[in-house]
Amino acid sequence: MITRIFLLFTGFTNLFLGSAVFLYNPRKKINQIYFFLAFGLAIWGLSLAAILISWNIDLFSRAGFAGAAILVSALLLFSFCINEPEVKISEIKFIIPALLGFIFVILILITELVIKGSTFVNHALESVPGPLYFPFLLYAVFCVLGSVYLLFQKFRKSAGMAREQIKYVFLGFALFAVPAIVTNGVLPGVFGVSEFNKLGPSFSVFLLGAIAYAILEYRLMDINFVLRQGTLFTLIFAVIIFIFVLATSLFSKMLGGAPAIIIPAIIITLGFIPFKNFLEKIIDKFFFRSRYDFRTAMYDITKTFSKIEDLDKLLEEFLKKLVSYLKVPKAEIVLLLEKDHFISRLSIGVGERNGIVLPKNNALVQHFEKHPDEILERDYLAYLVPKEEHRKEELLNLHKELDKLGYALAVPITVKRVIIGILFLGEKISRDIFSSQDIQLLEIVGKHAGPVIESARLFEQTQQLNKELLTANQAKSHFITIVSHQFRTPLSAIRMNAELLEDNLKKRFLSAVDETESVQIIQERAIFMVNMLENVFDGMAIDAHKVSVDKKPAVIWEIFDNVKKEISREIEKRRINFILDKSPELLQEIDIDIPKITKVVKILLENAASYNKEGGIIEVKMNKVTDEEKRFIQCSVKDEGIGVPPEDANKIFEKFYRSPNAMNLVPNGTGLGLFIAKNFVELHGGKLWVASQPGQGSTFYFTLPED
């Protein structure tokens, strides 16, 4: 009676499961095939129940065989379909099993080619095989073994959600096959108990339940946890039974009576917890290596936040521990910069590729700004696409972004629900999906990490600001020292020569040549001081953003000619050969701010003369260039001087900076010339840069738009 109730209950439950999954998404091919799988199992179980009730044995035995034919065909088709994004039923691999299954169903129901009839012999159902009975058995075995093979191959190649789904199918197979083998083989064969051998179809509900879960749900229960706990308690149960039987047998011979039962019970009770802990360690070590203790992991990771102030060290320690616990091969953290970009700050396992740069209009950033508590998982986004049609485009964009970046998971790092960074994690080494425990850990860590990272970043910015202020103060002090010294030197010369001329007016002891020389010294020193003051005022104007350009047509070569005449005394004094390479086709007018470009040329030529070697060469060239479809005139000033060290190639354009080798050669100088020149050129839409090697001279280039 109990067997019949179980079979009837299982049959109707299978029909319900099949209908529910089918109605959930009737257009999906795997849902349609699942319905036939459930229908075949239901017919098989209900037919056996009807036979046990003694209803038309021949009819219902045929129905049971027909259900089995539907079952094995649907199982093979299901194995083809699972984890396939697009399924074409017209393919030959789908047509053949479906067609053979249909043919066998027809042959079983209306002919005697498969079975001729069925009767009860000694309370057991026996079927009389027809000529096609063994081909049918071979077909059924082929379908079952083929399904197992296909599922195993897909499991090996799959990752994430797809891998998890197949795990559930295997779990369903185990829950169906193991009890069926026990009730139909072990109990009758070993123990002689045959009362339960007709319960086999009842266990099919576990198979269908596991498959339904794999189709409909994404993350409701961690299957690794289920398998671990099932393995653990199965082994514990088996060992307890073994110890109890062995100890009872031993103590029965030694003591007999109640002690033979009480003593083993006490031994098992006292040893249960230590044995369970020991067994857990063994199982985790050999079978569940990715498992970790949640509290230990959370404490260990959050402990990192309390002892490190340096931002890079903090992020490195944080990522290392997270990667270790979650068993992922790569991870990366991007942080928000002031310019509304998220820039990669630290990464592990990403190789030599460039770090991530995400603008504020990136789909991931915009999503986290709206949903700062939501973790994005690539597989879960793909799972949601067919279920949430109204968000389909948004979900596909998010999935595409994660796929493009090569990461499986994105975790927002927030401070008071405002996103300051994003943590990216790669696919797990095991290729499993991130478990509920993983997601919970990341949610907690993401919220804890935000304030700590922000504090470390503020601390870093404060240190950098202090360093910059110190540098600025040092530069300021250096500048004041230089200016005061350089003002004192020409002022002393002016005063001395003025006094000399004054005395000469009274005593007339200087020749005309000496008088002229004194006047020239006064004039040169006065010009030097005026130029220095102009540089100081220009630097102040640039800092205050009060510099503008007043463009007028001019020929660049004329500016070079005029400046050459201005500094001719210095060029002649150092016996420098000045080469001006004029190209006739470049003698055209362009719109520039003439005073500012004149100053640029003067700064470059004066530097070329001051830092050149005795008898060296200054060569000026000009040519046309194109950059990003814009036409420019490019000028170059080449010398044979001391050159610029590679580490100073950018620094020399900073305010007040002077290269040590330049200071040794020419002590006078404010460090403002190239800073001013660079800014004046950039105001015109051009660029200024240097190409140099120490001891081999320098070539300074600048460009000006032709239009």
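Six strands form an open sheet in the order β5-β4-β3-β8-β7-β6, with antiparallel pairing. Two strands count as paired if DSSP finds at least two bridges between them, and helices (H or I, at least four residues) and strands (E, at least two) are DSSP runs, numbered from the N terminus. What you're looking at is a predicted model: local features need pLDDT of at least 70, side-chain atom pairs count only at pLDDT 80 or more, and totals for chains, interfaces and linings use all residues. Residues are numbered from 1 along each chain as its sequence is written, and side-chain values use heavy atoms, with hydrogens and water left out.

- The edges are β5 (357–359) and β6 (376–377), and each of them pairs on one side only.
- Helix α11 (residues 311–326) packs on this sheet and touches β3, β4 and β8 (418–425). Contact here means heavy atoms within 4.5 Å.
- The direction of α11 makes about 60° with that of β4. Axes are lines fitted to C-alpha atoms, for helices over the stretch in contact, and angles run from 0 to 180 degrees between N-to-C directions.
- Strands β3 (residues 331–336) and β4 (residues 341–348) run antiparallel and are joined by 6 bridges. Look for L335, whose bridge partner in β4 is I343.
- K327 sits in the loop between α11 and β3. This residue has a positive phi of about 55° although it is not a glycine.
- K327 is partly exposed, with a relative accessible area of 30%. The cut-offs are under 20% relative accessible area for buried, over 50% for exposed, and partly exposed in between (1.4 Å probe, protein chains only).

**The five-strand sheet**

- A second open sheet to find has 5 strands in the order β10-β12-β13-β15-β14, and its pairing is mixed.
- Its edge strands are β10 (577–580) and β14 (688–692), each pairing on one side only.
- On average, neighbouring strands of this sheet are turned by 20° against each other, direction ignored.
- Helix α17 (residues 556–566) packs on the sheet, touching β10, β12, β13 (630–638) and β15 (698–705), and its direction makes about 160° with that of β12.
- Helix α21 (residues 673–683) also packs on the sheet, where it touches β14 and β15; its direction makes about 125° with that of β14.
- The parallel pairing of β10 with strand β12 (residues 617–627) runs over 4 bridges. In β12, F578 has I618 as its bridge partner, and I579 has E619.
- β12 and β13 run antiparallel, joined by 9 bridges.

- R575 is in the loop between α18 (568–573) and β10. Although R575 is not a glycine, its phi is positive, at about 55°.
- R575 is exposed, with a relative accessible area of 56%.
- A649 is found in the loop between β13 and α20 (660–665), and it is partly exposed, with a relative accessible area of 23%.
- A649 touches V644 and V690, not counting residues up to four places away in sequence.
- The C-alpha atoms of A649 and W689 are separated by 8.2 Å, while the two residues are 40 residues apart along the chain.

**Helix α5**

- Helix α5 (residues 133–157) has 25 residues and reaches 36 Å from its first C-alpha to its last. That's close to the expected 36 Å, a span worked out as 1.5 Å times one less than the number of residues.
- Buried residues in α5 include Y133, F136, Y139, A140 and C143.

**Cavities**

- The structure holds 4 cavities of 30 Å³ or more. On a 1 Å grid over the protein atoms alone, a cavity is a set of points where a 1.4 Å probe fits but cannot get out, and lining residues have an atom within 4 Å of a point.
- The second largest cavity has a volume of about 70 Å³. Grid points are joined across faces, edges and corners, and a volume is the space filled by probe spheres set on the points.
- Its lining has at least two residues each from β7 (409–415) and α15 (436–507), and the largest share, 4 residues, comes from α15.

**The whole chain**

- The protein chain has 21 helices and 15 strands.
- Of its 707 residues, 43% count as buried.

Definitions and conventions. On a 1 Å grid over the protein atoms alone, a cavity is a set of points where a 1.4 Å probe fits but cannot get out, and a pocket is an open set with protein on both sides within 12 Å along at least five of seven lines; lining residues have an atom within 4 Å of a point.
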